[in-house]
Number of protein chains: 2
Amino acid sequence: MPIKDLFQDELKVINIGLESFKKSLDHCHAPSVQVDWRPPVAADAGALQTVRDKADAIAKANAKAAAKVLSAKPVLIGLEKALDVIPGMKKNLLLHAGPPITWERMCGPMRGAVMGALIYEGLAQSPDEAIKLAASGDIGFSPCHEHSAVGPMAGVISASMPVFVLKNEEHGNLGYCTMNEGLGKVLRYGAYGPDVVKKLKWMETVLYPVLKKAVAKVGKVDLKNIIAQALHMGDEVHNRNRAATSLFYRALAPAVVRTAPDPETAATVLEFINGNDHFFLNLSMPASKVSLDAARDIPESSLLVAMARNGTDFGIQLSGTGDEWFTGPAPVPDALFFPGFTKADANPDIGDSAITETNGLGGFAIAASPAIVQFVGGSAADAVNFTRAMYEITEAENNVYQIPALNFRGSPTGIDAIKVLEKGIFPVIDTGVAHREPGIGQVGAGILSAPPEPFQKALIGLAKKLRG
Amino acid sequence: MPIKDLFQDELKVINIGLESFKKSLDHCHAPSVQVDWRPPVAADAGALQTVRDKADAIAKANAKAAAKVLSAKPVLIGLEKALDVIPGMKKNLLLHAGPPITWERMCGPMRGAVMGALIYEGLAQSPDEAIKLAASGDIGFSPCHEHSAVGPMAGVISASMPVFVLKNEEHGNLGYCTMNEGLGKVLRYGAYGPDVVKKLKWMETVLYPVLKKAVAKVGKVDLKNIIAQALHMGDEVHNRNRAATSLFYRALAPAVVRTAPDPETAATVLEFINGNDHFFLNLSMPASKVSLDAARDIPESSLLVAMARNGTDFGIQLSGTGDEWFTGPAPVPDALFFPGFTKADANPDIGDSAITETNGLGGFAIAASPAIVQFVGGSAADAVNFTRAMYEITEAENNVYQIPALNFRGSPTGIDAIKVLEKGIFPVIDTGVAHREPGIGQVGAGILSAPPEPFQKALIGLAKKLRG
């Protein structure tokens, strides 16, 4: 178009970069949109060229993957012992959070959780025995994610542990997660003392049979519905689960009362759940897991199906690259530390809980949960900005999970590894912080960005697949 | 200051009225604030002069009244039968919502509720008998508000009805409210059929003794804490009580299980509460009532201590004018009507529930609850604007009740009748809409503004008191 014609029609301007140009346009009442541009992150040039050449195929694959995630229907269908239901589970196998890792490379809190689990299983009688056994080679270690499971923080699952059994009713796949232990000294933060093991035994012998019968009585619990409601009630179902825990409790309590062996046991179980606003985390995580597992193995898709940390490495998996993990060092969160602790005490980021962000919840839905941002010193506007930024790197807006503060816009869902690198905007993750030594527990909570390296490697991995 | 000096310093501009002037100032980077000015409502000139002459004394009185409201500590301490605890309650007396009214002037839904209550009490055997008895003069009618009580919609309380007993722990005063009946055909919306009475009997014989024992077991329930949390969870505790109901349920369920006569009864009681997200309304209302009653009778104060409707008249009471009601016709709400109903079916506004707005909740805190505005066709931004406007007519910002979307700003609390008239901004009230005929029930829900007339009369009433 000749320049002279350009100004004869009404202008529609896309302003990239400096926002002050847009302000001038606003003043002239010229319609314009602002693109918050920043230089792309260093990415392998050959790989970038490959994904650009295949942009149409990738777009189609991503739309297909996102549709699978959005159509997922996660429901709780029961509780069972891990050994009885988790694919590949064995008595001498421990599942853990994040990408694969050996005992030698495990961080303090994950080692602590491994020790606690071995004592809980009766495979070791003391912390020293547990360390020897863990290092002996007689115990296998495998990521939860490779067994249709997820675990918060250290994420350790052993054979005797009861797990929630979830089904994605739309796609038929199953998922598993332990029950949340509550706060204080707990296995998932690397504590392994007698109290920790005693509580796990109580959960196995009292809590588990009661909840198992209660869920059997109600048949199933629609978790997608609870999560959708909870987003309207101040939760992002990662670091804040108060509403979701309340709604789950309301739904299940009458069945607990009817099926428990006696009223005192029922009351004790209800008190345990009432005392722990994070109880639902161990349901929002597997609900996200079964939603994303349905979107695995779609050739050419650059969407993330997992984002997880083992406290040493941060790993991601893409739909289009099968079971391959792309990893980099896990960052140490900038967090709000509990009194007496500092960043020097903090373990690098740990846990499978970033599966919630991968599913458009947690940090991606933090505009629904400004109290989390306020807790770490930010404002409600910061929370909205975090979520807004995540729309830049996601494929879709959720059809069921909505953000009230954004006028009920669907939460940003389906992280595209290519967009992450092209825009230099990294996934925002809400997280708890574990002490770097085993046996201590939680020292803080915060918000962090995923590191670049796993995405840079994933791009190369995807490009290889695309070249065939 | 000479004009030439004015422009030598940095300008700080207050722009009143047309907002476009402020936009020009923004463009020049001149700091300015916008005042959303509109012409004042017609008010008695003599009365206005009187309150302006006494502005300092009124300001002091209002600060004192607001401090009483903010320091209130409403807690649930038990449940009893109305006759046993409500001051002045009698077997042949019915309490009702809003300002005083005779049977002859009562609207349809209030008549329906009166008929239902007389049948429930066994004082009449049929609707026809009830009508005769109500008109006979043998039954007294008195506002709930004049008996330390409040009631939603028709708000009818009869002698045998169980009521929550609340205490303001800071100021020592007590308050009362029935238990919420749930949705569908219910007494408070003017239904009086056999099912309505049967449910009331179930509430008296099953629900009441169970909850009474459960509350006795836990000792007390801190309602201020639950309301504060609920505002962080999408409730404004007038038309949305889902979070507050959940939190109340969580707090009480273990005690219900321990004290109920058997597990099945406990489960039935829990299911009744779980099935009614409005259950907490009948606690947020008396919690507001005991908070405001503490601020009554402060000479010279123009703050509202009650705002209530009987379905015919809309009435307010000021702290500085004792027990006098200032009334005007109750408006018919512009509402979202349920399928099959229109505004022609709607009764004028009814209920004591506007006590929540008087306490800085409900419509005043609607920015915390955008789902309500969305329900009636508005946006989350509209919800924020409603709340923002209420700061213009209130004395204080709540120290405990916060609005997350306003970066946790305290909710606008303590309606000043003088500001309402001077600014022409009327209290925003969330409301349910009853059918204008008795026996039908709820036909919609909406948001409305309080009418001017009660405020105009209150100003005159206050001025009279001020003149002594």
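**Figure 1. Helix α11 of chain A against helix α10 of chain B in the predicted model.** The axes of α11(A), residues 263–274, and α10(B) come within 8 Å and cross at roughly 170°. Because angles over 145 degrees count as roughly antiparallel, this crossing makes α11(A) roughly antiparallel to α10(B). On the side of α11(A), the contact is formed by P263(A), E264(A), A266(A), A267(A), L270(A), E271(A) and N274(A). The partners contributed by α10(B) are R250(B), A253(B), P254(B), V257(B) and R258(B). By class, the residues of this contact comprise seven nonpolar, one polar and four charged.

**Figure 2. The side of chain B that touches chain A.** In this view, 31 residues of chain B are in contact with 31 residues of chain A. Two or more residues each are given to the chain B side by α10 (242–259), α11 (263–274), α14 (370–375) and α15 (380–391) of chain B. The largest share, ten residues, is supplied by α10(B). Sorted by class, the chain B side has 18 nonpolar, eight polar and five charged residues.

Figure 3. L76(B) stands opposite L166(B) in β6(B).

Figure 4. Leaving aside neighbours within four places in sequence, L281(B) is in contact with P152(B), N180(B), N241(B) and S353(B). Of these contacts, N180(B) is 101 residues from L281(B) in sequence, yet the C-alpha to C-alpha distance is 7.2 Å.

**Figure 5. The hairpin of β14 and β15 in chain A.** Strand β14(A), residues 394–403, pairs with β15(A) in the antiparallel sense over five bridges. E397(A) stands opposite P412(A) in β15(A). Five residues lie between the two strands, and N407(A) in the turn has a positive phi of about 55°. Strand β15(A), residues 409–415, is largely enclosed by the rest of the structure, because five of its seven residues are buried.

**Figure 6. The open sheet β11-β10-β9-β13 of chain B.** The four strands pair in the antiparallel sense, in the order β11-β10-β9-β13. At the edges are β11 (326–329) and β13 (350–351) of chain B, each of which pairs on one side only. Two bridges join β9(B), residues 304–310, to β13(B), and these strands run antiparallel. N310(B) stands opposite I350(B) in β13(B).

**Figure 7. L459(B) and the largest nonpolar core.** This core has 299 residues, of which V256(A), L459(A), V256(B) and L459(B) touch the most other members. With neighbours within four places in sequence left aside, the contacts of L459(B) are A43(B), D44(B), A47(B), L48(B), V51(B), A417(B), I418(B) and L421(B).

Definitions and conventions
Residues are numbered from 1 along each chain as its sequence is written. Chains are lettered from A and ligands numbered from 1 in the order in which they are written. This is a predicted model: local features need pLDDT of at least 70, side-chain atom pairs count only at pLDDT 80 or more; totals for chains, interfaces and linings use all residues. A nonpolar core is a set of buried Ala, Val, Leu, Ile, Met, Phe, Trp, Tyr and Cys residues joined through C-beta atoms within 7 Å. A residue is buried if 20 or more other C-beta atoms lie within 10 Å of its own, exposed if 12 or fewer, and partly exposed in between; C-beta atoms are placed from the backbone. Two residues are in contact if their C-beta atoms, placed from the backbone, lie within 7 Å. Ala, Val, Leu, Ile, Met, Phe, Trp, Tyr, Cys and Pro count as nonpolar, Asp, Glu, Lys and Arg as charged, and the others, Gly among them, as polar. Axes are lines fitted to C-alpha atoms, for helices over the stretch in contact, and angles run from 0 to 180 degrees between N-to-C directions. Angles under 35 degrees count as roughly parallel, over 145 as roughly antiparallel, 65 to 115 as roughly perpendicular and the rest as oblique. Two strands pair if DSSP finds at least two bridges between them.
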